[in-house]
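Me: Can you walk me through this one? I'd like to start with a single residue and then zoom out.
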Amino acid sequence: MDEGCMFVLPSVLALLGAIRGASIGLEYGIGWAVVGFVVGGFLGHLLGTLVLSMLFWAVHAVLRLISKIVEFFFS
């Protein structure tokens, strides 16, 4: 997988989570907006990393399955 993709998806989700957390927290005051920004950014980044990890292992499993099928038919 491209290295750029490994950083872009978690970063984008972190930014979206931070913006959403700040907008929710802003209803209760500026302090809660900061807390929402930090927590939303952290959770967004965590989600992005988790999605990439699952995607990586899914692709890895499919490639291993294809390898086994090719090995079975051509050996």
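Me: Is Met-54 buried or exposed?
Reply: This is a predicted model. In it, Met-54 counts as exposed, because its relative accessibility is 51% and the cut-off for exposed is over 50%.

Me: Which helix is Met-54 in?
Reply: Met-54 sits in helix α2, which covers residues 30-73.

Me: And how far apart are Met-54 and Phe-74 in space?
Reply: Their C-alpha atoms are 30 Å apart. In sequence, 20 residues separate Met-54 and Phe-74.

Me: OK, zooming out. How many helices and strands does the protein have?
Reply: Two helices and zero strands.

Me: What is its radius of gyration, next to that of a compact globule?
Reply: The protein has 19 Å. A compact globule of 75 residues would be near 11 Å. The C-alpha atoms fill a box of roughly 70 × 20 × 10 Å along the principal axes.

Me: What share of the residues is buried?
Reply: 19% of the 75 residues count as buried. The accessible surface is about 6,000 Å², and carbon and sulfur atoms hold 79% of that.

Me: New topic. How many aromatic pairs are there?
Reply: A search of the whole structure gives two. One is Phe-56 with Trp-57, an edge-to-face pair. Their centres are 5.1 Å apart, with 75 degrees between the planes.

Me: What about Phe-72 and Phe-73, why is that pair edge-to-face?
Reply: Their planes are at 75 degrees, so the pair is edge-to-face; the cut-off is over 60. The ring centres lie 5.3 Å apart.

Me: Are Phe-72 and Phe-73 buried or exposed?
Reply: Phe-72 is exposed at 62% relative accessibility. Phe-73 is exposed too, at 60%. Phe-56, at 40%, is partly exposed.

Technical notes
Residues numbered from 1 in each chain as written. Predicted model: local features only at pLDDT ≥ 70, side-chain atom pairs only at ≥ 80, totals over all residues. Heavy atoms only, no water. Helix = DSSP H or I, 4+ residues; strand = E, 2+ residues; numbered from the N terminus. Rg over C-alpha atoms; globule rule 2.2 N^0.38 Å. Buried < 20%, exposed > 50% of the residue type's maximum accessible area, 1.4 Å probe, protein only. Areas by Shrake-Rupley, 256 points an atom, 1.4 Å probe, with all protein chains shown as cover. Phe/Tyr/Trp six-rings, centres within 6.5 Å; stacked < 30°, edge-to-face > 60°.
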